[in-house]
Amino acid sequence: MFDSALNILTYLSQGLWTTVSIFLTAALFSYIMAFIAGLSRMMKNPIIRGVTAFYVEVFRGTSLIVQLFWLYYAVPILFDIHLGSNWWVGVIAIALNYGAYMSEVVRTSILAVDKGQTEAAIALNLSPVQRMRHIILPQALRLMLPEFGNYSIQILKGTALVSLIGLTDILYYGDIYRSTNLSEGPLAYLMVLIMYFIIALPLIWLSKKGEKIARKGVAS
Amino acid sequence: MEPIVQYKDIHKSFGDTHVLKGINLDIRPSEKIAIIGPSGSGKTTIIRLLMTLEEPTDGDIIVDGTNLWKMEAGGDGKMKKANEKHLSKVRNEIGMVFQHFNLFPHKTILDNCVTPLVQVRKMSKKDAVELSRQMLDRVGLNDKYEAYPSHLSGGQKQRVAMARALVMKPKIMLFDEVTSALDPELVGEVLEVIRDLADNEDMAMVLVTHEMDFALEVADRVLFLDGGVIAESGTADEVINTSDNPRLQDFLRRFRDA
């Protein structure tokens with residue numbers, strides 16, 4: 001029993017790098033998307049605001065797996081756009097999806113910073129960009145940390161979907177293992193769970209830490 | 001002497017509420033003005049308009065010869081709404097201290113002062129630190145440079161807020177009920193700083209306050225705001241002793257009783 005568990009873990013670890021690399025890249029890009037979309041949605045320009053709102057609502061309102069299939073199967077045929085390898089398709093779909101969710105975290109955190117902070121910054125004659133950069137964003141960032149931690153864990157779990165477009169991640173190897181060792185199916189999937197959980201542990205720790213930071217040092 | 005600020009028939013509405021109904025006011029350089037009046041009379045709104053935190057519904061505010069909220073649109077002399085660049089130029093001459101301090105909680109009190117000097121005044125970090133320390137010393141916070149605002153008492157926070165406004169060397173300084181949020185025993189230390197400024201600084205000062213005795217003592221001129229207009233204006237002595245405005249007498253009586 002213990003031997004075969006270890007055996008399975010070794011087998012699954014072939015997919016470890018795919019899962020981790022997709023997670024790290026998709027997380028990075030979704031943070032970037034979150035800031036671009038979150039800030040765009042607060043701009044005065046109605047066109048930028050409208051386009052951003054459309055993106056956010058479409059990607060929040062449809063499921064990640066359908067988006068993944070769209071990017072993988074439909075977009076290349078319909079628009080002749082090829083996003084490179086399926087690794088990139090996975091990264092882009094996840095980043096766009098979670099970027100849409102997290103942009104709302106960015107936006108609401110910025111709005112949650114006390115209005116008095118903006119007023120003091122105006123009274124000191126900081127420009128709108130300086131106000132955002134030196135006064136509002138540093139405080140909003142602290143408010144964002146716990147939610148960003150939560151979403152990061154979700155992104156990690158979301159990467160499991162890329163096995164459906166032929167990427168060889170942890171879940172993919174779990175499926176393969178089960179199909180060749182049918183009796184060990186339950187154990188194989190237990191090991192898959194454990195493996196995801198172990199990768200998530202540092203993220204859980206980080207988001208706890210983020211919560212602590214968020215609790216202090218912000219005017220509200 | 002030419003006034004440094006002129007309000008010309010200023011109106012301000014918030015939705016259906018007509019708060020200011022035709023304010024005409026000249027502020028001369030280095031003049032100390034106190035605005036008193038019942039709550040809801042628009043005292044705070046008057047100075048927020050000057051700080052560009054609110055936009056007037058109608059009328060003009062002239063600061064040092066420049067129309068604050070309007071600028072020339074082109075060669076034809078027509079005026080349009082001022083843009084950020086125009087506002088920023090005029091804003092340079094004005095400073096404000098708020099009821100709730102509005103210190104930047106993520107910065108030390110030294111950095112609260114240094115940041116605007118470096119960012120707005122383009123001062124070197126070294127000079128900015130030097131000037132900020134001097135100003136913090138002046139308001140009695142020489143041992144707190146590296147403290148964060150959350151570690152200060154209300155009185156200390158308000159003194160930092162004053163130092164932060166002062167380092168920018170405004171020609172006009174606005175005080176918006178700066179002692180209203182303080183515990184009673186901390187009011188004195190803040191008023192002490194304002195008195196020092198009133199006695200020793202050349203800048204014009206406008207105080208919106210409920211500290212009646214203090215206002216009457218330091219102000220060159222007292223304005224009584226009532227129903228969205230300046231109902232009385234004069235020296236403290238004139239306003240208190242010679243005015244027969246029944247609303248003002250009533251207002252003052254209520255303060256003496258309290």
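Two or more lining residues come from each of helix 5 (86–112), helix 6 (115–123) and helix 7 of chain A, together with helix 2 (84–91) of chain B. Pockets and cavities are found on a 1 Å grid over the protein atoms alone: a cavity is a set of points where a 1.4 Å probe fits but cannot get out, a pocket is an open set with protein on both sides within 12 Å along at least five of seven lines, and lining residues have an atom within 4 Å of a point. Grid points are joined across faces, edges and corners, and a volume is the space filled by probe spheres set on the points. Helices (H or I, at least four residues) and strands (E, at least two) are DSSP runs, numbered from the N terminus.

By this rule there are two cavities of 30 Å³ or more, and the largest cavity contains about 100 Å³ of space. Its lining comprises 14 residues, with A:A123, A:L124, B:I94, B:G95 and B:M168 nearest its centre; helix 6 of chain A, strand 8 (94–97) of chain B and helix 5 (154–166) of chain B each supply at least two residues of this lining.

## Basis of the model

Residues are numbered from 1 along each chain as its sequence is written, while chains are lettered from A and ligands numbered from 1 in the order in which they are written. Because the model is predicted, local features need pLDDT of at least 70 and side-chain atom pairs count only at pLDDT 80 or more, whereas totals for chains, interfaces and linings use all residues; side-chain values use heavy atoms, with hydrogens and water left out.

## A covered helix and a buried aspartate

Helix 3 (residues 109–119) of chain B is mostly covered, with nine of its 11 residues buried, where buried means under 20% relative accessible area, exposed over 50%, and partly exposed in between (1.4 Å probe, protein chains only). The elements covering these buried residues include helix 7 of chain A together with helix 4 (125–138) and helix 5 of chain B.

A:D169 is found in the loop between helix 7 (128–158) and helix 8 (170–180) of chain A. A:D169 is buried yet has no salt bridge, the nearest side chain of opposite charge being A:R178, 13 Å away; Lys and Arg count as positive and Asp and Glu as negative, with His and the chain ends not counted.

## Salt bridges

A salt bridge is a side-chain nitrogen of Lys or Arg within 4 Å of a carboxyl oxygen of Asp or Glu, and by this rule there are 22 salt bridges over all chains. A:R41 pairs with A:E57, the closest N and O atoms being 3.4 Å apart, and this pair links the loop between helix 2 (16–40) and helix 3 (46–61) of chain A to helix 3 of chain A, 16 residues apart. A:R41 is buried, at 19% relative accessible area, whereas A:E57 is partly exposed at 37%. A:R41 and A:E57 are also linked with A:R60, A:E104 and A:R107 in a network of salt bridges.

In chain B, the side chains of B:D60 and B:K70 meet in a salt bridge (2.8 Å, N to O), which ties strand 4 (residues 58–63) to strand 6 (residues 70–72) across 10 residues of sequence.

Definitions and conventions:
Contact = heavy atoms within 4.5 Å.
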